[in-house]
Amino acid sequence: MARVYNFSAGPAVLPEEVLLEAAAEMLDYAGSGMSVMEMSHRSKTYQKILDEAETDLRELMHIPENYKVLFLQGGASQQFAAIPMNLMKNKVADYIITGQWAKKAYEEAKKYGTANAIASSADKTFSYIPDCSDLPVSENADYVYICENNTIYGTKFKQLPNTKGKVLVSDVSSCFLSEPVDVTKYGILYGGVQKNIGPAGVVILIIREDLISDDVLPCTPTMLKYKIHADNGSLYNTPPAYGIYICGKVFKWLKKQGGLEAMKAYNEEKASVLYDFLDRSKLFKGTVRKEDRSLMNVPFVTGSEELDATFIKAATEAGFVNLKGHRTVGGMRASIYNAMPIEGVQKLVAFMEEFENLHS
C-alpha cells in the first residue's frame with residue numbers, strides 16, 4: 001500500500017528517510033548484532049547515541065552552555081506538575097491561558113501553590129493570542145507560563161510575553177524545531193516529541209542551570225526532580241531509549257535540510273499554500289485570527305457539521321488521513337509539521353478545491 005498523507009496532530013508524520021534508516025538498522029545497529037530497541041542503555045554504543053543526539057540538538061538550537069538538555073518520559077502533561085514542584089519557591093506562578101493544554105497546566109499548578117491566570121483567550125474559543133505586552137505579572141511570581149503553539153486551536157505566540165523580568169516557561173510541543181528560537185529568552189522550554197521530532201514517549205526539556213536545585217517542594221517525587229536527571233545525564237533510570245534514537249536521526253535530518261532557518265522558510269511556504277486557499281475559498285474557512293496563525297496546525301470548517309463529516313470521510317478515502325478536528329472544537333485540522341512534504345499540502349488543497357466545486 002502507498003503511504004498516506006498523514007495530517008495527524010500527534011503522533012505525527014516522520015521523515016521517510018529516517019524511517020527507512022531505522023528499518024535498515026532494526027536487526028543490527030552499527031555492527032552490534034542487535035536493535036537499539038534491545039540494547040542496554042548503559043552500553044557504550046547507546047551512550048554514543050544519546051551524546052550525539054544532545055550535541056546535534058544543541059547545534060540546531062544554538063543552546064548555550066548554561067542550559068541543560070534532559071531527555072525525559074511522561075509526556076508534556078507530566079511536566080504540568082514537575083514545573084511547579086521544581087520552580088515554585090514563592091508558591092506563586094502566572095499562567096497565560098491560550099488553549100486546553102495551558103489550562104490543564106494551570107489547573108495542575110493550583111495543587112502546589114497560587115496559580116494566577118493573568119491573560120486568556122477563552123472568550124473567543126482560543127482563536128487568538130491575547131496582548132501580552134503589559135500583563136499584571138505577580139510581583140512574587142516564580143515564573144510565567146505559556147503554551148507557545150496551540151495544537152488544538154491553531155494559534156501561535158509570534159512575540160513572547162513581557163514577563164517583567166520573571167522566568168519564562170514554555171511548552172513548545174507542537175512547534176519544537178519548526179523555526180529558530182532564542183533559548184536565552186526562556187528559563188525552561190520543553191515539549192513532547194511526538195509532533196515534530198520523534199515517536200511518542202520522549203519529552204525534551206531545556207532548562208537554565210540556575211533553575212536546577214535540591215530546593216524543590218517537599219512532595220516532589222524523586223523521578224520528577226530535575227536535578228536527579230541533570231546529575232545523571234538523563235540516565236537516572238531506563239530512558240525511552242529507542243525514541244531518543246529516532247529523535248537523534250531526526251536532528252541529523254534537520255541539519256541536512258539546512259537547519260532551523262531553512263525549516264522555517266519551508267514551513268512558511270507550506271502553510272501559505274493552505275492559508276491562501278482558505279482565504280479565497282467560499283466553502284472552507286480558517287478559524288484563527290490571521291496574525292496569530294500557527295505554521296504547524298491549521299484548523300478550518302465548512303460551517304456545516306454534516307458537510308465537515310462528509311469531507312473528512314472523502315478525504316480519508318483519497319489518502320488524506322487524520323484531518324478530523326479535536327473533539328473539543330470539531331471541524332477539520334491539518335497538522336503540517338516539518339516532515340509533511342509540500343506536495344502533501346498542495347494535493348490536499350487540490351482535493352479541497354474539487355470538493356468545493358462539487359458542493360457549492
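**Cavities and pocket of a predicted model**

Modeller: Helix α3 contributes the most to the lining of the largest cavity, with three residues. Helices (H or I, at least four residues) and strands (E, at least two) are DSSP runs numbered from the N terminus. This is a predicted model, in which local features need pLDDT of at least 70, side-chain atom pairs count only at pLDDT 80 or more, and totals for chains, interfaces and linings use all residues. Residues are numbered from 1 along each chain as its sequence is written, and side-chain values use heavy atoms, without hydrogens and water.

Biologist: How much space lies in the largest cavity?

Modeller: On a 1 Å grid over the protein atoms alone, a cavity is a set of points where a 1.4 Å probe fits but cannot get out, whereas a pocket is an open set with protein on both sides within 12 Å along at least five of seven lines; lining residues have an atom within 4 Å of a point. Points are joined across faces, edges and corners, and a volume is the space filled by probe spheres set on them. The structure holds three cavities of 30 Å³ or more. In the largest cavity, the space is about 120 Å³.

Biologist: Which residues lie nearest the centre of the largest cavity?

Modeller: Elements that give two or more residues to its lining are β2 (67-72), α3 (75-87) and α5 (226-231). Of the 14 lining residues, those nearest the centre are L72, Q73, Q78, M223 and H229.

Biologist: How much space lies in the largest pocket?

Modeller: The largest pocket is lined by 20 residues, with E148, K156, F157, K158 and E179 nearest its centre. Its space is about 310 Å³.
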